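Work through the exercises below with the structure in view. Try each task before reading its solution.

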Amino acid sequence: MSESLKPMPRLDDVLDDLRQLEPIFHRPESGAGPADGERITEPGFWEIGASGQRYSRDDVLEVLRQRVAHLSHESLAADDFACHPLAPSLYLLSYRLRQGERITRRTTLWRRTVEGWKAVYHQGTPVTHP
């Protein structure tokens, strides 16, 4: 990992918290069900998927409903996490996600609120090499 992408020491606690929530929407413990998806996303949440398509919060929650109805056991491995503060209580988390042979770079904007962590935005970008 590039030295500039390593988390700042004072962000270790934030990074630890956010690593527990990722990969967002892909594991039950990170909010893979619709109710948890609502709980961990802000009302204005949106994402750009690995396809380049833009998805609203409602779109994402519908995909979660479908996943719950058709459970799959895909192999996931997330690594190469980095966390950067953008504003008070707003953090950019980036990581690499391996889903079988597919590798994507992921980015989530997280806001720390009195109700807990809330995702503001998410993006997945396919990569051709790790």
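**Exercise 1.** Classify W46 as buried, partly exposed or exposed.

Solution. Step 1: recall the cut-offs: buried means under 20% relative accessible area, exposed over 50%, and partly exposed in between, with a 1.4 Å probe and protein chains only. Step 2: the relative accessibility of W46 is 26%, so W46 counts as partly exposed.

The model is predicted: local features need pLDDT of at least 70, side-chain atom pairs count only at pLDDT 80 or more, and totals for chains, interfaces and linings use all residues. Residues are numbered from 1 along each chain as its sequence is written, and side-chain values use heavy atoms, leaving out hydrogens and water.

**Exercise 2.** Find how many aromatic pairs the whole structure has, and describe the pair of W46 and Y121.

Solution. Step 1: rings of Phe, Tyr and Trp (its six-membered ring) pair if their centres lie within 6.5 Å; planes under 30 degrees apart count as stacked, over 60 as edge-to-face and the rest as tilted. Step 2: a search of the whole structure gives three such pairs. Step 3: the ring centres of W46 and Y121 are 4.7 Å apart and the planes stand at 65°, so this pair is edge-to-face. Step 4: W46 belongs to strand 1 (residues 41-48) and Y121 to strand 6, 75 residues apart, so the pair links distant parts of the chain. Strands (E, at least two residues) are DSSP runs, numbered from the N terminus. Step 5: Y121, at 13% relative accessibility, counts as buried.

**Exercise 3.** Describe the pair of F81 and Y95 in the same terms.

Solution. Step 1: the centres are 5.1 Å apart with 20° between the planes, and the pair is stacked. Step 2: F81 is in strand 3 and Y95 in strand 4, 14 residues apart. Step 3: F81 has 8% relative accessibility and counts as buried; Y95, at 1%, also counts as buried.

**Exercise 4.** State how strand 3 and strand 4 are joined.

Solution. Step 1: two strands pair if DSSP finds at least two bridges between them. Step 2: nine bridges join strand 3 (residues 76-87) to strand 4 (residues 90-99), and the two run antiparallel. Step 4: the two strands form a hairpin with two residues between them, and S89 in the turn has a positive phi of about 70°.

Key:
Helix = DSSP H or I, 4+ residues; strand = E, 2+ residues; numbered from the N terminus.
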